[in-house]
Amino acid sequence: MKRAVIFDLDGTLSDSIASLKYCGDRALAPFGYGPYPESDYKYFVGDGAANLIRRALLKSGDHELVHFEEAFALYQEYFAADCMYQVKPYDGIPELLTALKERGLKTAVLSNKPHAQTLEVIYTLFGKNFFDAIRGQMDGVPIKPDPAGVFSILEEFGLTAAELLYLGDTATDMKTGKSAGAFTVGALWGFRDRGELEEAHADAIIAHPLELLQYVGETKFPSPQLSPEDK
């Protein structure tokens with residue numbers, strides 16, 4: 001029986017590709033690189049901000065990553081200011097989150113986005129008290145696909161991996177969930193395609209957020225009443 005869901009953020013809860021491109025292109029421009037289309041940024045992202053800049057520089061021809069430190073510093077500056085640029089929740093996500101809360105499941109976010117910006121996106125889109133746990137990238141904590149973040153959330157919830165659904169849109173997410181022993185669900189509305197999710201051995205793949213409910217069931221657990229500002 002599933003009692004909790006851990007969500008990836010970018011490409012799963014939030015359609016944030018425009019913000020990533022906006023900040024990435026500006027960080028690359030002083031070195032004569034870019035701009036790149038959103039289709040490229042969908043593959044630059046997923047493994048933390050540093051890897052986004054590394055991948056963009058490699059595509060630009062900076063194979064020695066000569067400009068990495070400068071470009072990464074610029075990206076961090078721009079992203080701290082503009083991480084909400086044109087960001088919105090995917091269709092069906094608010095309804096899914098409400099349905100999970102009504103069933104009494106715990107919900108968490110585990111992202112490779114810097115923690116401060118993870119909080120900003122979640123609080124802006126969904127309110128401050130909707131999720132039971134939120135983890136972004138923090139110094140000293142390994143990023144996904146290391147399952148440390150999953151284990152930390154499970155410990156906080158007092159649950160086992162068998163009671164967990166893990167929803168994400170990339171192979172990194174599937175590896176994270178499977179490494180922790182969770183049931184992994186791939187999201188087709190995000191940044192990557194079905195082929196990547198299948199190759200990463202997703203336990204299930206869904207095309208719309210509300211399809212996740214078929215893996216939850218109708219059992220309801222006690223859950224605090226949400227106030228209007230939390231919805």
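Predicted model: local features only at pLDDT ≥ 70, side-chain atom pairs only at ≥ 80, totals over all residues.
Helix α6 has a buried side made up of Gln-117, Thr-118, Val-121, Ile-122 and Phe-126. These residues span an arc of only 130 degrees around the axis, so they lie on the same side of α6.

What covers the buried residues of α6? The cover includes the strands β2 (14-15), β3 (88-89), β4 (106-114) and β5, along with the helices α4 (68-82) and α5 (93-102). On the face turned away from that buried side, you will find the exposed residues Ala-116 and Thr-124. After α6 comes Gly-127, with a positive phi near 95 degrees.

Two loop residues are also worth a visit. Phe-130 sits in the loop between α6 (115-126) and β5 (133-137), while Thr-12 belongs to the loop between β1 (4-7) and β2.

| Residue | Relative accessible area |
|---|---|
| Phe-130 | 3%, buried |
| Thr-12 | 0%, buried |

Phe-130 and Lys-106 are 24 residues apart in sequence, and their C-alpha atoms are 9.7 Å apart in space.

Which side chain makes a polar contact with the side chain of Thr-12? That partner is Asp-169, at 3.3 Å. Leaving aside residues up to four places away in sequence, Thr-12 touches Phe-7, Tyr-90, Ile-93, Leu-167, Gly-168, Asp-169 and Trp-189.

Notes:
Residues numbered from 1 in each chain as written. Heavy atoms only, no water. Helix = DSSP H or I, 4+ residues; strand = E, 2+ residues; numbered from the N terminus. Buried < 20%, exposed > 50% of the residue type's maximum accessible area, 1.4 Å probe, protein only. Arc of directions from axis to C-beta. Contact = heavy atoms within 4.5 Å. Polar contact = N/O pair within 3.5 Å; in protein donor to acceptor, adjacent residues only side chain to side chain.
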